[in-house]
There are 2 protein chains.
Amino acid sequence: MDDVSPLTLNRLSVYLRCLRRLQTEGVQRISSQEMARRFHLSSTQIRKDLAQFGEFGIRGVGYDVDALADSLHGLLGLDREHRLVVVGMGNLGSSLARYLGFNSGSFHVVAGVDKDPEKVGREIGGFVVRHSDKLEQVVRETRANIGVLAVPAESAQENYEALAEAGVEAVLNFAPARVTRDPRVPLKNVDLRIQLEELAFMLGEDGE
Amino acid sequence: MDDVSPLTLNRLSVYLRCLRRLQTEGVQRISSQEMARRFHLSSTQIRKDLAQFGEFGIRGVGYDVDALADSLHGLLGLDREHRLVVVGMGNLGSSLARYLGFNSGSFHVVAGVDKDPEKVGREIGGFVVRHSDKLEQVVRETRANIGVLAVPAESAQENYEALAEAGVEAVLNFAPARVTRDPRVPLKNVDLRIQLEELAFMLGEDGE
DNA sequence: AGATGTGAATGAGTTCACAGCT
DNA sequence: AGCTGTGAACTCATTCACATCT
């Protein structure tokens, strides 16, 4: 299993979501074409994407919805429980803690830290905010394995490093900043402003 | 100006952010190489990306930071004011309203609606929540031009259509659902679960 | 000299077309 | 007959290499 492009990976998540929906509708088998039609995907691409990980279908028939959903679930690492620690409990951070906390499934927010003593001690989304100085200890105690960066752009780098140091295995960065990666700690950026700016550009382009 | 790939577009946003940072540091001129080095980008790519929109640099010298920032700012449509209406004022929606409200710049959250009468009337992030039935009226009154979908997956489609109907020019979708596009109303999906699942996969892959 | 802007070369990602299984 | 899985063709994106300008 060489390495998988982020594009493929995103699509696998999408496929899983589509399959979940089919499950709720009681669909048991589906062909790539039918799935493509229903969810506006490409049937060839579905097959190519899946082919990277094995043969999940039955020729002449299609895919078993439950079986494929289970396979993708496992593939994406969702059979492990993932424990998130949020760094920066400002507006964005506390919103994320509350929001992601609900989403349960395989992801749970287990801790939050902030360097502002004012915020330390508050209870948000099922845990008590701790001070950033205690990050390493917090990670150890809660066995958090994913860090969520919700700090201002200026302090993104240092907090990423602190998370890496504290022992998390991956970081999701919401700060609008380019962070230099530690090769051992995968990083994904989620930048809301970029998304908005992309939309803004589209508006300008073709007029109404 | 044919049409621009989303990848290029995202990078333009990144470049703009880098330039803003250079401005705060008082840097007046920068070469593509220096910029690439500082922010972990590719110098060729910077030049190729910019070349799609004109000639912004001075050969032998580099780019004027202020001038280039202004150009990108305009290119991305940030000299217009964009007015956002949030649909679905649950956990995610109200968080977004508060968060995006702060981020000022060219984007302002001017309204929010929800179909739950319980939520109608609350004040969040500078406006009073209105009922979803009034969406068209709200859009007209506030001159909102971008819709933000923060509803459950099941109702994403109908609310996208309602937004299109009500006259917004583009939609940012936070619901984890595949929405069928209206060709007149550009749609961008932001799916936090996909991001988390991508990270989860990376963890599984290489072990620690 | 030094940096931009750009055709040409390479690489990545997607689609086509069909062999092969059920 | 119908649908999967996949090499081959194609399209899109990135990188290279250099002519061009200050």
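## Helix packing and DNA contacts in the predicted model

In this predicted model, helix H6 (residues 135–142) of chain B packs against helix H7 (residues 156–166) of chain B at an angle of about 45 degrees, the two axes lying 9 Å apart. Because of that angle, H6(B) is oblique to H7(B). The crossing of H6(B) past H7(B) is right-handed. From H6(B), the contact is made by B:Leu135, B:Glu136 and B:Val139, and from H7(B) by B:Ala162, B:Leu163, B:Glu165 and B:Ala166. By class, the residues of this contact comprise 5 nonpolar, no polar and 2 charged.

Sugar or phosphate accounts for 62% of the atoms of DNA strand D within 4 Å of the protein, and bases account for the rest.

| Protein atom | Atom of DNA strand D | Distance |
|---|---|---|
| A:Ser32, backbone N or O | phosphate oxygen | 2.7 Å |
| A:Lys48, polar side-chain atom | base oxygen | 2.9 Å |
| B:Arg59, polar side-chain atom | base oxygen | 2.9 Å |

The elements giving two or more residues to the surface near DNA strand D are, in chain A, helix H2 (32–39), helix H3 (43–51), strand S2 (57–58) and strand S3 (62–64), and, in chain B, helix H1 (6–24) and helix H3 (43–51). H3(B) supplies the largest share of this surface, with 4 residues. The surface near DNA strand D is made up of 6 nonpolar, 10 polar and 8 charged residues.

Technical notes. Residues numbered from 1 in each chain as written. Chains lettered and ligands numbered in written order. Predicted model: local features only at pLDDT ≥ 70, side-chain atom pairs only at ≥ 80, totals over all residues. Heavy atoms only, no water. Axes fitted to C-alpha atoms, helices over the stretch in contact; angles between N-to-C directions. Parallel < 35°, antiparallel > 145°, perpendicular 65-115°, else oblique. Left-handed = near helix turned anticlockwise from the far one by under 90°. Contact = heavy atoms within 4.5 Å. Nonpolar A, V, L, I, M, F, W, Y, C, P; charged D, E, K, R; others polar. Near = heavy atom within 4 Å. Polar contact = N/O pair within 3.5 Å; in protein donor to acceptor, adjacent residues only side chain to side chain.
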